[in-house]
Amino acid sequence: MAEPTEPRPTARDDDASKSRHRRMFAGLLGTLKQSKTKNDNEKDVMAKRKSIEEAVVGKNEEISRELREAQFKAFVEKRDVDEKIKFDLDMKYKETEKAFIEVQYEEWKNLISAGGILTTTEPMLVYTLNTHTPETQAKAQTSAARLENWKTQQLERIENAINTIIRRREETAARREKARTQGEENGEDVDVELEDHEELTL
């Protein structure tokens with residue numbers, strides 16, 4: 001008995017198969033296209049997000065830099081004003097002290113001319129006597145020379161202090177200007193304080 005043979009595909013079956021294959025291929029292409037479009041969209045979104053983040057970071061850095069610069073400028077302006085006030089006060093104090101020395105000198109000089117005696121210990125004073133002994137008379141005569149020496153020393157001390165105040169202010173200004181010119185400050189101050197020294201005090 002002969003074995004049954006499979007039915008041979010007809011032309012209609014071939015056409016249906018080709019149509020199914022074309023649909024499957026078209027569907028696959030559509031899926032790939034959608035996937036590519038989705039990936040492209042995600043890349044665009046990520047690129048835009050990165051661009052926005054970079055813009056925000058850049059803006060924040062710019063704001064921070066401007067804020068630092070404004071704070072530093074305010075600090076420098078306040079420091080300069082404070083130091084100018086201190087400088088003026090120091091100079092005024094020394095000028096007042098100098099004037100006091102001149103007045104004190106004239107007062108003591110008149111007393112010594114009238115026979116007063118200048119003490120040899122601090123605080124220096126001039127005392128007068130109704131009558132003189134040879135010893136007190138000798139002290140009265142040397143008092144005039146000692147008074148002149150005292151005045152010279154006091155005025156020299158004050159003049160040195162004034163020169164020191166001026167020199168330190170000029171040196172501070174020169175250092176800061178050099179730092180700014182060389183770009184060494186970079187938002188930070190090269191601060192040099194005008195220090196108090198013993199020679200600037202009474």
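Is Lys 78 exposed or buried? At 55% relative accessibility, Lys 78 counts as exposed, where exposed means over 50% relative accessible area, buried under 20%, and partly exposed in between (1.4 Å probe, protein chains only). The structure is a predicted model, in which local features need pLDDT of at least 70, side-chain atom pairs count only at pLDDT 80 or more, and totals for chains, interfaces and linings use all residues. Residues are numbered from 1 along each chain as its sequence is written, and side-chain values use heavy atoms, with hydrogens and water left out.

Confidence comes next. The mean pLDDT (the predictor's confidence in each residue, from 0 to 100) is 80 for the chain, and 83% of the residues reach 70 or more. Over residues 192-202, pLDDT stays under 50. Where pLDDT is low, the predicted coordinates should not be read in detail.

Lys 78 also has a charged partner. A salt bridge (a side-chain nitrogen of Lys or Arg within 4 Å of a carboxyl oxygen of Asp or Glu) joins Lys 78 to Asp 82, with the closest N and O atoms 2.8 Å apart. The two residues are separated by about one helical turn because they are four residues apart in helix H1; helices are DSSP runs of H or I with at least four residues, strands are runs of E with at least two, and both are numbered from the N terminus. Asp 82, at 36% relative accessibility, counts as partly exposed.

Further along helix H1, Asp 90 and Lys 86 are likewise four residues apart, about one turn of the helix, and they form a salt bridge with closest N and O atoms 2.9 Å apart. Asp 90 is partly exposed at 22%, and Lys 86 is partly exposed at 27%.

Another pair connects two helices. The side chains of Glu 102 and Lys 151 meet in a salt bridge (3.7 Å, N to O). This pair links distant parts of the chain, with Glu 102 in helix H1 and Lys 151 in helix H2, 49 residues apart. Glu 102 is partly exposed at 30%, whereas Lys 151 is buried at 18%. Lys 94, Glu 97 and Arg 157 are linked in a network of salt bridges. The count comes to eleven salt bridges.

Helix H2 (residues 134-182) also holds Ala 161, which counts as buried because its relative accessibility is 0%. The C-alpha atoms of Ala 161 and Met 91 are separated by 9.1 Å, although the residues are 70 apart along the chain.

Technical notes:
Contact means heavy atoms within 4.5 Å.
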